[in-house]
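Dear colleague,

Please find below the structure that I am handing over to you. My notes on it follow directly after.

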Amino acid sequence: MSDPSLPSPLDEPLKKLLGAPAKQLAEGLDLHTVGDLLHHFPRRYSERGELTSLDSLEVDEHVTVIARIEKCTLIPFRGRKGDRLEVVVTDGRGRLSLTFFNQRWREKDLRPGRSGMFAGKVGVFNRTRQLTNPDYELFGETDDPEAVGRFAGRLIPVYPASAKAPSWRLALAVDTILDQMDWDRVPDPVPAALLAERGLVPLREALEQIHRPRNHAERLAAQARLKWDEAFVLQVALARRRADESARPAVARKPQQGGLLDAFDAKLPFTLTEGQQKVSAEIFADLAVEHPMHRLLQGEVGSGKTMVALRAMLGVVDAGGQAALLAPTEVLAQQHHRSIVEMMGELAEGGMLGGAEHGTKVALLTGSMGVPARRQALLDLVSGDAGIVIGTHALIQDKVQFLDLGLVVVDEQHRFGVEQRDALRAKSERPPHLLVMTATPIPRTVAMTVFGDLETSVLDQLPAGRSPISSHVVPAVERPNFLTRAWERVREEVGKGHQAYVVCPRIGDEEDEKAAKKAAKAEGEDRRPPLAVLDVAEELRGGPLAGLRVEILHGRMAPDAKDDVMRRFAAGAVDVLVATTVIEVGVNVPNSTVMVIMDADRFGVSQLHQLRGRVGRGSAPGLCLLVTDMPAASAARERLDAVAGTLDGFELSRIDLEQRREGDVLGQAQSGVRSSLRVLSVLEDEDVITAARAEAVSLISADPDLTAHPALRSALDSLLGAERAEYLEKG
């Protein structure tokens with residue numbers, strides 16, 4: 001039995017055990033300790049005789065392939081000293097060229113018929129994929145498995161690798177470490193009773209068998225145990241976070257009868273949806289408790305989240321506190337401020353001539369405001385005259401002080417790091433209540449992991465009067481007449497008195513030309529740069545939309561210019577707004593009925609869903625046209641077809657996650673450290689995550705400080721990392 005108070009062998013530095021190779025692992029893969037290396041799991045496994053599909057290799061990707069040598073040719077340079085060795089390897093169907101410069105001595109090793117592992121960065125020369133001066137390790141001379149040496153009798157692990165640390169060098173390092181591990185000193189973070197109950201193998205077996213399994217049964221058993229570790233440790237951390245939050249004191253904020261909230265509700269020209277009423281009841285119940293609310297409000301585009309958040313803010317003002325709405329962009333902050341002031345009417349003119357008796361001021365605070373306006377906003381906050389403030393990151397600055405901050409609403413949480421959210425919450429002596437909003441639907445299992453410290457409310461019902469949005473893919477190259485028809489449809493909608501958006505991937509000014517060229521190169525030599533707002537707007541004004549009032553909007557415009565364009569667009573003085581994704585969230589112009597998204601394949605699934613949510617917000621039907629030049633059989637077209645085929649944001653979020661791969665479930669912007677999930681899939685392992693959450697809640701309820709589970713307590717740091725633990729503490 002290990003003593004958790006003693007250092008674990010997993011914390012030993014690799015430099016001490018491996019010597020010089022440890023430097024390559026640290027520089028190329030950020031692996032520094034034994035634990036880092038043993039938790040760097042194989043990406044896949046190959047069996048003896050199984051070759052890699054060479055057709056699937058992507059340019060600029062660092063790969064490790066298993067292939068058979070087909071041809072080896074030594075070619076002297078003409079007119080100068082030196083030579084190159086051209087080796088062609090095959091998987092039986094495709095071919096890959098290996099080029100070695102001035103290394104003729106390799107010719108005797110790289111003989112046709114031999115198989116091995118070859119690693120390098122995929123490049124292109126004369127339209128043929130190649131590896132230049134690749135690393136390699138050859139198998140035995142024959143197909144006799146005994147001749148494969150250290151790979152004999154087991155699966156061949158293929159690791160995520162780097163130029164300085166190819167897959168087999170990682171395998172050698174892992175073998176060296178495993179062969180000298182003192183397993184008796186390695187604490188197992190999962191309680192023995194829980195392991196037995198779930199039929200999981202001990203940690204030692206799991207780490208041995210994930211790296212050098214003799215068969216697929218051992219591999220699966222190891223993966224099952226390690227999936228549980230990832231899910232369980234994360235859920236324990238989140239359960240501790242929820243327990244700690246529920247024990248912290250906060251000011252209960254109960255709306256007063258006949259106050260600001262009642263006056264606002266009486267003004268509403270419509271009835272709240274059943275979903276809005278239900279979620280509002282959940283929020284007000286949380287606000288009435290003397291512990292800080294931590295709630296995630298997610299909902300479909302246009303489901304009325306802002307209305308729910310505004311009613312919560314008004315309730316807090318009624319109770320004597322202040323509320324802050326943190327928006328990710330100035331355009332969105334200005335839009336929120338404008339729409340909230342319009343909805344509140346005289347109730348937003350508290351203390352002013354003509355203002356309502358129960359009114360309050362609604363302040364706006366952004367980084368680019370003029371000095372007089374900024375000074376007045378700061379004064380209104382510290383004096384308490386402004387019960388509600390809407391702003392960007394400017395709200396987080398040290399000079400911003402509140403009289404009594406009672407509620408923080410974070411719009412589009414994925415755009416903010418935890419440090420920013422925490423900085424705003426720190427502006428109150430006692431923790432304010434927290435409402436996190438996102439219009440990006442989140443699969444249940446992702447919500448349990450990414451936002452596992454928050455209670456979740458879902459708005460999946462659109463307000464009455466909202467019209468459906470029809471979406472269509474426009475293949476501009478295959479069917480040029482379809483694009484012509486798209487612009488005709490825009491003219492038709494404008495002719496009916498409606499307005500349109502045209503969205504482009506980039507701005508088109510000098511500053512982003514370099515980025516565009518770099519992106520085009522990364523996507524392949526034949527791909528043109530993404531279409532730009534400035535270019536498209538000019539073409540439309542002089543071509544298919546000539547005579548219409550076409551304006552532009554992008555993030556590098558002066559704040560006053562952006563606000564002026566949005567105000568005139570909202571007022572109907574602009575027919576077509578050509579913009580970047582600054583209009584992605586929060587922009588609400590009900591008269592806009594059609595959106596054309598240029599180079600739609602360059603946007604993510606969730607982003608496309610967000611963008612098209614800007615149309616169909618009034619009584620007239622919405623139309624979204626996804627323009628692309630990608631061929632019908634491509635993955636990009638499949639993605640666009642999926643978006644055009646459904647308005648279900650939750651279904652699209654699953655597709656988006658599957659295509660983007662999961663990466664770091666907590667998000668780089670959330671925690672600042674590398675990927676936390678290596679074998680657990682938040683989409684495929686819902687049963688594991690659900691069970692881990694239940695076990696974590698039970699364990700923390702019985703032992704909040706993990707006094708009886710010191711190995712688990714130390715695993716929270718070693719598996720999640722100190723920075724990630726700090727993230728969970730901050731929330």
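A crossing of two helices is called left-handed if the near helix is turned anticlockwise from the far one by less than a right angle, and right-handed if it is turned clockwise. This is a predicted model, in which local features need pLDDT of at least 70 and side-chain atom pairs count only at pLDDT 80 or more, while totals for chains, interfaces and linings use all residues. Residues are numbered from 1 along each chain as its sequence is written, and side-chain values use heavy atoms, with hydrogens and water left out.

The protein chain contains 25 helices and 21 strands; these are DSSP runs numbered from the N terminus (helices H or I, at least four residues; strands E, at least two). Of its 731 residues, 54% are buried (under 20% relative accessible area; exposed is over 50% and partly exposed in between, with a 1.4 Å probe and protein chains only).

Helix α11 (residues 330-344) packs against helix α18 (residues 559-570) at about 50 degrees, with the axes 10 Å apart. Axes are lines fitted to C-alpha atoms, for helices over the stretch in contact, and angles run from 0 to 180 degrees between N-to-C directions. The two helices α11 and α18 are therefore oblique to each other (angles under 35 degrees are roughly parallel, over 145 roughly antiparallel, 65 to 115 roughly perpendicular, and the rest oblique). The crossing of α11 and α18 is right-handed. E330, V331, Q334, Q335 and R338 of α11 meet P559, K562, D563, M566 and R567 of α18 in this contact (heavy atoms within 4.5 Å). By class, three of these residues are nonpolar, two polar and five charged (nonpolar: Ala, Val, Leu, Ile, Met, Phe, Trp, Tyr, Cys and Pro; charged: Asp, Glu, Lys and Arg; polar: the others, Gly among them).

In the second pair, helix α19 (residues 605-612) and helix α20 (residues 635-645) pack at about 40 degrees, with their axes 10 Å apart. Their crossing is right-handed. The contact involves V605, L608 and R612 of α19 with R639, L640, V643 and A644 of α20, and it comprises five nonpolar, no polar and two charged residues.

Helix α20 also holds R637, which counts as buried at 9% relative accessibility. Beyond its neighbours within four places in sequence, R637 is in contact with residues including V473, P475 and E478.

By contrast in location, E684 lies in the loop between α22 (668-671) and α23 (686-702), and E684 is exposed at 66% relative accessible area.

With kind regards
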